Amino acid sequence: MRGSLKKIGSLILLSVIGPLSLSGCTPLSITNTSLASGKNQMRVGVVLYNAADPFIMNMCDSIIHYGGEEQKISQIQIIIDVMDSKNNQQLQNTQIDELIKQKYDAIAVNIVDRTESANIIDKVKEAKIPIIFFNREPVPQDMNKWDQVYYIGTSAAEAGEMQGQILLEAIESGMKIDRNRDGIIQYVMLEGEPGHQDSILRSYHSIKVLEDAGIKTENLAVDTAMWQRGEAKNKVLEWVEQFENHIEVILSNNDEMALGAIEALEEKGYFEDDKSIPVIGVDGLSQALQAINDDKILGTVLNNADEQGKAIFGKLYNLSTKEQSQVVLDYENDGKYLWIPHKIITKETMN
Ligand code: BGC
């Protein structure tokens, strides 16, 4: 999937900000016909918090892919312009201002800073341009500012619960996790960005599942590695120095950081000496699946980038054309929120 994205990415250009003539899905077939509404083109903007984030790029890849599928059979020209906000809210604001100025049909935003949602909603409301937030969820108070504000994502609590279940099942199946046999699971927690719903709730619910099942836990350390592999690797290198062999589990809010953790464990020779520490992530990145297969990651939770991207495209199409996409069937939703379910992935579920 990443490969195909790169190809399309170079065509559509992940731009800092416009010229905005950059056309997303290069039209595969342009016809002269139009929809019942008389529309012969749809033009939408997709604004990413940071194109350096592999999970986000999988989602972007999916949006573009389904746009391309629709274009093959569509009567209208489909233009999806993708922008990279480079983790900078100010830059994102100017990008959105430009999309508004150029009267795009609809905008999908992966916001940099969730507390900026209200400001953005006020602007699109005034311009009457419907907006879909994805992956980074505005608070309900902001979501309710206008009826043309939507959210497409996953339940952060559910991902945490599934991480807890992976660990619980491993303990119940007799895996040697409580190495010092003190009846308590000593763990460290790698967290995503502070303030992100997925950091706060995944951490809380993963541990809650264990505690609810009567398993005692002890948090040796918790820190943010900002969703990033390199930062996570450094953190875990520090922790294994500090706690030596006392860490019994590494919980990670996402796979990138879980992969950083196993790089650190590899460097410290943990896999050679059979003293490896179970690591659990979230996302289902292909490298994480490989690591599960290689017995380096115990499990992950599928944060379905493909389905989320598909649902986002379907909604953008619908908001722009007032018609139903032909390639994206209607997802169950309450009119405002659309949730894509998670799935547990372990070596057993993969084979
Ligand atoms: C994903 C992370 C990603 C983050 C970005 C989370 O849902 O699990 O991998 O970095 O979203 O907002």
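This is a predicted model: local features need pLDDT of at least 70, side-chain atom pairs count only at pLDDT 80 or more; totals for chains, interfaces and linings use all residues.
I take buried to mean under 20% relative accessible area, exposed over 50%, and partly exposed in between, with a 1.4 Å probe and protein chains only. Residues are numbered from 1 along each chain as its sequence is written, and side-chain values use heavy atoms, without hydrogens and water.

Entry one, a loop residue. I looked up Gln-75, which sits in the loop between helix H2 (54–73) and strand E2 (77–84); helices (H or I, at least four residues) and strands (E, at least two) are DSSP runs numbered from the N terminus. Gln-75 has 36% relative accessibility and therefore counts as partly exposed.

Entry two, H3 against H4. I noted that the axes of H3 (residues 89–101) and H4 (residues 117–127) come within 11 Å and cross at roughly 5 degrees, the axes being lines fitted to C-alpha atoms over the stretch in contact and the angles running from 0 to 180 degrees between N-to-C directions. The two helices are therefore roughly parallel, a label for angles under 35 degrees.

I found Ser-117, Ala-118, Ile-120, Ile-121 and Val-124 buried in H4. Seen down the axis, these buried residues fall within an arc of 160 degrees, so they line one face of the helix; the arc is that of the directions from the helix axis to the C-beta atoms. Just after H4, Lys-128 takes a positive phi of about 60 degrees.

Technical notes. Angles under 35 degrees count as roughly parallel, over 145 as roughly antiparallel, 65 to 115 as roughly perpendicular and the rest as oblique.
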